Each structure stands twice: as C-alpha cells, then as structure tokens.
Amino acid sequence: MFEKELNTITLSGKEYPIKCSILVLEKIQDKYETLENFEDALSIFDDTKENEEIKVKFPKMTALCDALYWMIQEGEEITAEEEGRKPVKYKRESLARKMDGSIFAAAQTLKREFGRSFVSKNQKTTKTENVETNQ
C-alpha cells in the first residue's frame, strides 16, 4: 500500500508506527485552525529576529500529545490494514504516559513526520489537459 516503511517512535521501549496522513492533517486543522499554528506549537526552536539567534523553547504539551496520539493511531490503522487484522485502539492518555524519553526528541520526531506529509511522493507529473469552456 505504501511505497516506504512507516517511521516509528519509541515509547517505554516499544516502537510504534507513525503516519501523518491527510486524515491526521484534517484533525490538526480542525483543532488548531491552521497547519502553521500546529507546526509552531510543536516547534522547539524559536527564531528571534534580534541578533539572529535561535532559542530552544518547550513545545506546547497539548500539541505534542495530540500529534503523538493521532500519528500513532494512524500508523496502527495502516499497519493493521496491511496485515489484515483489526487495529489496536489506543487511548491518548495511555500513550502520553508511556513517553518516558525527551520531550524535545519526541517533538522533533513528530514534527519531521508532519513535514513528510508535504513532500512530493510522486516524482512523475500527471499530464493535464487544457479544456476550453464556451460561455
């Protein structure tokens, strides 16, 4: 189904597949209004125009937990579909409790997966026809 393997994130020693699909982007847009708002909330770097410094900042925990839950659940559903089984239904709180590593590393992993959803996957362009309309 997918050209490439799904990326993973490790929580409490267990690897979980993650995927930021258009379905996840839809949830992000519904909750955060724009994808840019979400990206900023997940970001751990703050570009300041003063002195051209880059400062490290904490990601917004709500965005981190949302991304963790939505992307893991989507990864699980894709994996289950490919394996012909029912997907495990995770709880947001359970996944968040298993995050025993660095919140900065987790935020970076999830932000990279978010960014992957905007990379062109089909390098061949589709030929489009110009259709003239009569008015």
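What follows is a walk through the structure, from its overall layout to its helix packing, loops, ring pairs and salt bridges.

This is a predicted model, in which local features need pLDDT of at least 70 and side-chain atom pairs count only at pLDDT 80 or more, while totals for chains, interfaces and linings use all residues. Residues are numbered from 1 along each chain as its sequence is written, and side-chain values use heavy atoms, with hydrogens and water left out.

Start with the layout. The protein chain has five helices and four strands. Helices (H or I, at least four residues) and strands (E, at least two) are DSSP runs, numbered from the N terminus. In order from the N terminus, the elements read β-β-α-α-β-β-α-α-α. The chain has 135 residues, and 33% of them count as buried. Buried means under 20% relative accessible area, exposed over 50%, and partly exposed in between, with a 1.4 Å probe and protein chains only. A contact means heavy atoms within 4.5 Å. Take the contacts between residues at least 6 apart in sequence: 64% of these join residues at least 24 apart.

Now turn to helix 5. It covers residues 103-116, 14 residues in total. The expected span of a helix is 1.5 Å times one less than its number of residues. For helix 5 that gives 20 Å, and its end C-alpha atoms are 20 Å apart, which agrees. Its buried residues are Ala106, Ala107, Thr109, Leu110, Glu113 and Phe114. Seen down the axis of helix 5, they fall within an arc of 165°, so they line one face of the helix. The arc is taken over the directions from the helix axis to the C-beta atoms. The general rule behind such a pattern is simple. An α-helix has 3.6 residues a turn, so residues three or four places apart point the same way.

What do the buried residues of helix 5 pack against? Their partners are strand 1 (7-11), strand 2 (14-18), helix 1 (22-32), helix 2 (35-42) and helix 3 (61-83). The N-terminal end of helix 5 is capped by serine 102. A side-chain oxygen of serine 102 lies 3.1 Å from the backbone nitrogen of phenylalanine 104.

Serine 12 sits in the loop between strand 1 and strand 2. Its phi is near 50°, a positive value in a residue other than glycine. Serine 12 is partly exposed, at 42% relative accessible area. Glutamate 33 lies in the loop between helix 1 and helix 2. Its phi is near 70°, again positive in a residue other than glycine. Glutamate 33 counts as exposed, at 64% relative accessibility.

Next come the rings. A pair of aromatic rings is described by the distance of the centres and the angle of the planes. Rings of Phe, Tyr and Trp (its six-membered ring) pair if their centres lie within 6.5 Å; planes under 30 degrees apart count as stacked, over 60 as edge-to-face and the rest as tilted. The structure holds five aromatic pairs. One of them joins tyrosine 16 and tyrosine 90, edge-to-face, with 5.6 Å centre to centre and 80° between the planes. This pair links distant parts of the chain, 74 residues apart: tyrosine 16 is in strand 2, and tyrosine 90 is in the loop between helix 3 and helix 4 (92-98). Tyrosine 16 is buried at 1% relative accessibility. Tyrosine 90 is also buried, at 15%. Elsewhere, ring pairs link Tyr32, Phe38, Phe114 and Phe118 into a cluster. Of these, Phe114 is among the buried residues of helix 5.

Last, the charged side chains. A salt bridge is a side-chain nitrogen of Lys or Arg within 4 Å of a carboxyl oxygen of Asp or Glu. The structure holds seven salt bridges. Among them is the bridge between aspartate 66 and lysine 31, with the closest N and O atoms 2.8 Å apart. Aspartate 66 is in helix 3 and lysine 31 in helix 1, 35 residues apart.

Aspartate 66 also forms a salt bridge with arginine 92, at 3.0 Å between the closest N and O atoms. Arginine 92 lies in helix 4 and aspartate 66 in helix 3, so this pair ties together parts that are 26 residues apart in sequence. How accessible is aspartate 66, buried or exposed? Aspartate 66 counts as buried, at 3% relative accessibility. Lysine 31 is partly exposed at 45%, and arginine 92 is partly exposed at 27%.

Another salt bridge joins arginine 85 and glutamate 76, at 2.7 Å from N to O. Arginine 85 is partly exposed at 34%, whereas glutamate 76 is buried at 5%.

Conventions. Polar contact = N/O pair within 3.5 Å; in protein donor to acceptor, adjacent residues only side chain to side chain.
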